[in-house]
Amino acid sequence: MNPLRELYQEMILDHGRRPRNRGTIDDTPHRADGHNPLCGDRLSLSLELDDDRRILRARFTGQGCAISTASASLMTEAIEGKTAEETEELFRSFHDLVTVEGGEDHHPELGKLAVFAGVREFPVRVKCATLAWHTLRAALEGEETAATTE
Ligand code: ZN
């Protein structure tokens, strides 16, 4: 299969064009900005957490390529309802998926996120796909922080 075709699958295109969970949550300390200088992707993520550090809502704004936008969209869907610790595990699985051959076979918990497996054929695109996750990690730390893929 043509890896490019695999990369630009239907779901990535759909989420890139019509991202879910766009917006901003006010009055939360859990927010961060992310920047991928290699591609120019920028995003701002804000989270609403409960007392157990479970993510109740995740919203993002920003400008970026289809991969970074789709990744942020699918990530916000995947993390709602999960604890900070659970999302950290999911990030590790996702990182495996986009960097290790056959990663999707070892991480069924990724669900829809497995559509990004094709990204590993394009090392430059890995940063587009992981920007939202780096930003998530910064937002969970709670301070006004900036994440970068560099
Ligand atoms: Zn990008």
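**View A. R53 in the loop between β2 and β3.** R53 is found in the loop between β2 and β3, where helices (H or I, at least four residues) and strands (E, at least two) are DSSP runs numbered from the N terminus. Its phi is near 60°, a positive value in a residue other than glycine. Most residues other than glycine have a negative phi. With a relative accessible area of 38%, R53 is partly exposed; buried means under 20% relative accessible area, exposed over 50%, and partly exposed in between, with a 1.4 Å probe and protein chains only. The model shown here, as in every view, is predicted, so that local features need pLDDT of at least 70 and side-chain atom pairs count only at pLDDT 80 or more, whereas totals for chains, interfaces and linings use all residues. Residues are numbered from 1 along each chain as its sequence is written, and side-chain values use heavy atoms, with hydrogens and water left out.

**View B. N21 in the loop between α2 and β1.** N21 also has a positive phi, of about 60°, although it is not a glycine, and its place is in the loop between α2 (10–17) and β1 (31–36). At 18% relative accessibility, N21 counts as buried.

View C. The donors are C39 (SG), D41 (OD), D41 (OD), C65 (SG) and C128 (SG), which lie 2.2 to 2.6 Å from the zinc ion; donors are N, O and S atoms within 2.8 Å of the metal (3.2 Å for Na, K and Ca), and water is not among the atoms, so sites may look incomplete. In sequence the donor residues are spaced C-x1-D-x23-C-x62-C. Distant parts of the chain are linked by the pair of D41 in strand β2 and C128 in helix α6, 87 residues apart. D41 counts as buried at 1% relative accessibility, and C128 counts as buried at 0%.

**View D. The largest cavity and G64 in its lining.** This cavity has a volume of about 50 Å³, and its lining includes R22, D41, F60, G64, T69 and L131. On a 1 Å grid over the protein atoms alone, a cavity is a set of points where a 1.4 Å probe fits but cannot get out, and lining residues have an atom within 4 Å of a point; grid points are joined across faces, edges and corners, and a volume is the space filled by probe spheres set on the points. G64 has its place in the loop between β3 and α3 and is partly exposed, with a relative accessible area of 37%. Leaving aside neighbours within four places in sequence, G64 is in contact (heavy atoms within 4.5 Å) with D41 and T69.

View E. About 30 Å³ of space lies in the second largest cavity, which is lined by T87, E88, F91, W133, L136, R137 and L140. Helix α6 gives the most to this lining, with four residues. Of the 40 residues in the largest nonpolar core, L47, F94, F116, W133 and L136 touch the most other members; such a core is a set of buried Ala, Val, Leu, Ile, Met, Phe, Trp, Tyr and Cys residues joined through side-chain atoms within 4.5 Å. Helix α6 also gives the most to this core, with 10 residues. Apart from its neighbours within four places in sequence, L136 is in contact with L45, L47, I55, M75, I79 and T87.

Methods
1 Å grid on protein atoms, 1.4 Å probe; cavity = no way out; pocket = protein on both sides within 12 Å on 5 of 7 lines; lining within 4 Å.
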